[in-house]
2 protein chains.
Amino acid sequence: MSDLIAEKLNQAQALLPEFGIDAWMVFVRESSHCRDPVLPYLYEGSFTWQSALIVTAAGDRIAIVGQFDDGAVRATGHWTEVIPYVQSIRDPLVEVLTKLNPRRLALNFSVDDFAADGLTHGMYSLLLQYLTGTPYAERIVSSVDVVGAFRGRKTASELSRIEAAIATAETILEAAGRFARPGKTERELAHFIQQAATQHGVGLAWESPCPIVNSGPDSMIGHGTPTDQRLEPGHILHIDFGVQQNGYCSDLQRCWYIPRPEETQPPAAVARAFDAVVTGITKAAERLQPGVEGWQVDAVAREVLAETGFPEYGHALGHHVGRNAHDGGGILGPRWDRYGRTPYRKVETGNVFTLEPSLVDAGGAGCLGIEEMVVVTETGCRWLSHRQMVLPLLGTA
Amino acid sequence: MSDLIAEKLNQAQALLPEFGIDAWMVFVRESSHCRDPVLPYLYEGSFTWQSALIVTAAGDRIAIVGQFDDGAVRATGHWTEVIPYVQSIRDPLVEVLTKLNPRRLALNFSVDDFAADGLTHGMYSLLLQYLTGTPYAERIVSSVDVVGAFRGRKTASELSRIEAAIATAETILEAAGRFARPGKTERELAHFIQQAATQHGVGLAWESPCPIVNSGPDSMIGHGTPTDQRLEPGHILHIDFGVQQNGYCSDLQRCWYIPRPEETQPPAAVARAFDAVVTGITKAAERLQPGVEGWQVDAVAREVLAETGFPEYGHALGHHVGRNAHDGGGILGPRWDRYGRTPYRKVETGNVFTLEPSLVDAGGAGCLGIEEMVVVTETGCRWLSHRQMVLPLLGTA
């Protein structure tokens, strides 16, 4: 982990000039409860007292921390200066800023992007109090652009961790497909998957409910909890699942069809829905390349579904994946108010995205959603997951 | 868990009039990454899109959530109204506020108290945008007082969970005392304790490093990571540890002395330090009662150590414990800038506190810190932990 932190600190320093930022500061307290989503990139532990981690374009890496965190921060070797305090962070903080004298001081707040919005309103207000009488309050800017690039442009180490997390999730999803049989409940299947993650020594990619398991049209679609709903003939079984492995996540959706006694293939309506979703993914991937805005990629898949007569999906086509399953920066999503400015952000080389169109109900058989993962290359994108191109019949192997 | 949420929702409703609050709103997004420390009291899951949970003094409990969270929130049965949205939370949110028309709308931000400071600065700014043209932006107040009471005044169910978490931690600490022997390393001991927690089916009370293990004067005091430092004769072994069980935490410190070959009791300087710490706890507990301000309790223990010629401890005497090991509200701490207004908050019946004076180095043998837990009663306080009154010799049983 420590090498990765060094790698990302170097990347941060190199990125700052590109965005006209002289100093970038993470300002936190009790960080195991009020997390800044950026903190894990810079430090493995947590901070109790008010703490400031400052990276500058000039190469400074300064940590101002409570005295009881001094030893642990120093031991990382990542910081050019570690300044402990006892009664108040105010004086050392103002002194450091005065010495650095940044023209633009970036802080982690953003109306649009949660992953660049780790500064609480109380901590922001506290900082303004501390900076009274200095010129620095007026030099504060949002870090949203630099954090978007920092999180979004994956280093080689980050990409290989994500690939490992995908491989593990795929293995578990295959096992889940063998375990699933008509008569089992969503809850039993979810439990099987969670046990498998434990056996692989990995965490779940997001908080409860992970996995999401839906069988049939009466299941709780969306972020609903797996229930005692049984897998029954005529249902689509849909699983949304990912793992967190070595600090990085995967996020995949897979579907199966549970045939009725007389069926040897999915009903035509289900097959058509599956084809539309798969085609939506294919066409969107063809559009995905550096420089395109996220909403333009989303629009491709949205149009494929509209053309085949299916309703619009009520979410984004895809999101970044990294340390978080839903990672920040831009989104491959529609220009809805709830996404703010994020659909307008340009796609960049090294971005890792999901592609996940869905249909809430495919031919009365339930939710049909497929989610793949890709990395953006200089000329397009490359598949990271092994694509689901066939809708298997469950329980007939 | 659900019954506890109902219990706390009822408590919240009853508390609001006491603080002149008409409506209290938790406003979050991607809450598994940007947590509001209050959210777990109201909802077991997490929210992806912007979501508002509103509790009013009049008894409304309204959840406005993204459509994919609608089913899960509705299934809890805790909300009188669940309003799903697709493109933007703005309209339903403004409609609900207009209908409720609160004179004072409390939000979770606080300069002083992290546990009432879950609203990010970006989400605060987003809300101000949404409330443009309404009277509600001007009616926003901090929820710090009501959240302090809400978290601090433990219900019977909460107290029994905390007591269970204390019992488990005490059992594990006793086992650690039997496992610890000269020659073992801090790291081995920490691993033993973590394994024991797993075997008990409980979590750790805080993020890494939990436990904190210090042996001797060269150990990394404070929030430092356990190292390959070996337990050696002449060392104090100090462990700071707690578990999270059924959503609630314990937080205890225990010490042992590792005798040199010829020693049959701790050196006089170590014994004196131990007595001073224990006396500090006793005297502070005698002062702890409803109505006293936190700094007054801290001052008692600080004075005991000063009188016996030991240096001042560089932290607070004690903190709340609840869902978090360091829980919010007031603190039994000195009036240092870093604690803001929290030392001035009055102690209340039902508060659960630690009492934990410490000495960074006791007679050259290392850190000596004892941490007990108490609950405040109408007339004083009651011990929740079994007090450590003797400094045992390690490895001689």
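First, a definition: a residue is buried if 20 or more other C-beta atoms lie within 10 Å of its own, exposed if 12 or fewer, and partly exposed in between, with C-beta atoms placed from the backbone. This is a predicted model, where local features need pLDDT of at least 70, side-chain atom pairs count only at pLDDT 80 or more, and totals for chains, interfaces and linings use all residues. Residues are numbered from 1 along each chain as its sequence is written, while chains are lettered from A and ligands numbered from 1 in the order in which they are written.

Start with chain A. Of its 397 residues, 56% count as buried. It has 10 helices and 19 strands; these are DSSP runs, helices being H or I of at least four residues and strands E of at least two, numbered from the N terminus. The C-alpha trace spans about 80 × 40 × 35 Å along its principal axes.

Now the contact between chains. Chain A gives 54 residues and chain B gives 54 residues. Contact means C-beta atoms, placed from the backbone, within 7 Å. On the chain A side, α3 (70-76) and α5 (121-130) each supply at least two residues. The largest share, 6 residues, comes from α5(A).

What about α5 in chain B, residues 121-130: how many of its 10 residues are buried? The count is 7, so to speak mostly covered. Among them are His121(B), Met123(B) and Tyr130(B). What do the buried residues of α5(B) pack against? They meet α5 of chain A, together with β1 (23-28) and α4 (90-100) of chain B.

Notes
Two residues are in contact if their C-beta atoms, placed from the backbone, lie within 7 Å.
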